[in-house]
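Here are my notes on the model, for your comments. Please read them with the structure open.

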Amino acid sequence: MIIKPRTRGFICLTSHPDGTAQNIKNQIDYVKKQGTFQGPKKVLVIGASTGFGISSRITAAFGAGAATIGVFFEKPTAPGKPGTAGWYNSAAFEKEAQAAGLYAKSINGDAFSDEVKQQTIDLIKKDLGQIDLVVYSLASPRRTHPKTGVAYSSVLKPIGQPFTNKTVDFHSGVVSDISIAPIESQEDIDNTIAVMGGEDWKFWMEDLHKAGVLAPNVQTVAYSYIGPELTFPIYRNGTIGQAKNDLEATATTIDQILSNINGKAYVSVNKALVTQSSSAIPVVPLYISLLYKVMKDKNIHEGTIEQMYRLFNERLYTTDGQVPVDEQGRIRIDDWEMRDDVQAEVSKLWNEATTENLEEISDIKGYRDDFFNLFGFNFDNIDYDAETNEVIEIPSIQ
Ligand code: NAI
């Protein structure tokens, strides 16, 4: 069928199999060009199909030669019905991994459930024995609690005061003011923590440990974000920030769980990037489009693959075995984003940004390109008027 982008707000409803395959190939090529490093050998990535998760999987496989198991929740393809980007990404990844002689299998289902955890444990036991790295890269708007059956939905709201600031509709480039009402009750915070906090990461590590599938000295890493003061009310000091605080605190709990096998849990604070999740957060797309402009001008721009390669190669798997962390024990690969000179320029541009000057002072074009690239669109070498085969299987999922 012929597949064109169809968008609704910050969501793209369609994905292109050839474009997503190109996206994966570009990421693999990047890692191969950087060169191999001594890293993990058997890796589980939870949330492995898009954004930071797929880039973590690619880095582990093509940078360190690791066998990988990926867990994700994506819509499979059917005749006349294209799959989601994460489905196509994973199909392309498995194909490339197998061609390179690397073990790669995937599980498509709800990672929050006990069933998917058990299925993953069974697969590790059968094929890999034990794993030495667990990447936790889930981003979801809802979670059904596996023990109580309660369904939680997260919210993106400030706490205390309403928050008014600029935002952009990245399709039209219109800059406008947005006012977001604060939480109505503590329940908003609790629900968001239940979805995006650390409990599920802890459940995974407990279950994997109990099943004996974690190797001695295992490492696990989950991803967080801090960002600039201008997004604090909606991000770090808002409901999602409370969930990130909880996630970060969970690293210490997991350290205790893993102490008898000398395991270690890290949180990596990553850079703001265009992913399916971040485009849903008000104010953030305008910040990202200004940040891209400043970081590209300074030649320090990174996408998810550059970030993950640096995380593995220069933080988690250093040659002296030391993992550099901040005073709160977190890995910081948002270091270039948070540089004083970068933030000073973004903040100046932020005050100036209007609909009229946006194309000139920001990289809104780069934002749009990245957004459409996530779904396999806007690649120059792909003919989007041509018929393509929408039915693509993931080799390990039958
Ligand atoms: P994403 O939306 O690209 O990826 C989310 C992944 O989770 C996908 O693989 C999806 O299939 C999977 N997933 C969602 N619900 C699931 C479920 N119930 N069961 C199994 N899999 C499920 O998100 P992104 O942006 O890569 O986020 C990953 C982590 O990185 C999050 O913790 C996020 O907060 C963090 N982060 C994101 C930043 C950004 O700017 N995008 C910046 C810093 C941290």
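This is a predicted model: local features need pLDDT of at least 70, side-chain atom pairs count only at pLDDT 80 or more; totals for chains, interfaces and linings use all residues.

1. Polar pairs at the ligand. K244 places a polar side-chain atom 2.8 Å from an oxygen atom of the ligand. The backbone also takes part. A polar backbone atom of F52 is 2.9 Å from a ligand oxygen. For G51, a backbone N or O atom lies 3.4 Å from an oxygen atom of the ligand.

2. Cover. How much of the ligand's accessible area does the protein cover? The figure is 92% of the 840 Å² that the ligand has on its own.

3. Helix α2. This helix runs over residues 51-64 and has 14 residues. From first C-alpha to last it reaches 19 Å, close to the expected 20 Å. Is α2 enclosed or open? Of its 14 residues, 14 are buried, so the rest of the structure largely encloses the helix. Just after α2, G65 has a positive phi of about 70°.

4. Helix α8. Residues 284-297 form this helix. It also has 14 residues and reaches 20 Å end to end by C-alpha, close to the 20 Å expected at 1.5 Å a residue. Here 11 of the 14 residues are buried, so α8 too is largely enclosed by the rest of the structure. The buried set includes P285, Y287, L290, L291 and M295. The buried residues of α8 pack against β9, β10 (174-180), α10, α11 and α12 (364-374). Just after α8, N299 takes a positive phi of about 65°.

5. Helix α10. The 13 residues of α10 (340-352) should span 18 Å at 1.5 Å a residue, and the end C-alpha atoms are 19 Å apart, which agrees. Which residues of α10 are buried? They are V342, Q343, V346, L349 and W350.

6. What the buried face of α10 meets. The buried residues of α10 pack against β9 (163-169), α8 and α11 (358-361). The packing list for α8 names β9, α10 and α11 among its partners.

How values were computed:
Residues are numbered from 1 along each chain as its sequence is written. Side-chain values use heavy atoms; hydrogens and water are left out. Helices (H or I, at least four residues) and strands (E, at least two) are DSSP runs, numbered from the N terminus. The expected span of a helix is 1.5 Å times one less than its number of residues. Buried means under 20% relative accessible area, exposed over 50%, partly exposed in between (1.4 Å probe, protein chains only). Contact means heavy atoms within 4.5 Å. A polar contact is a pair of N or O atoms within 3.5 Å; within protein, one must be able to donate a hydrogen and the other to accept it, and residues adjacent in sequence count only if both atoms are side-chain atoms. Accessible areas come from the Shrake-Rupley method with a 1.4 Å probe; for residues, only the protein chains shown count as cover.
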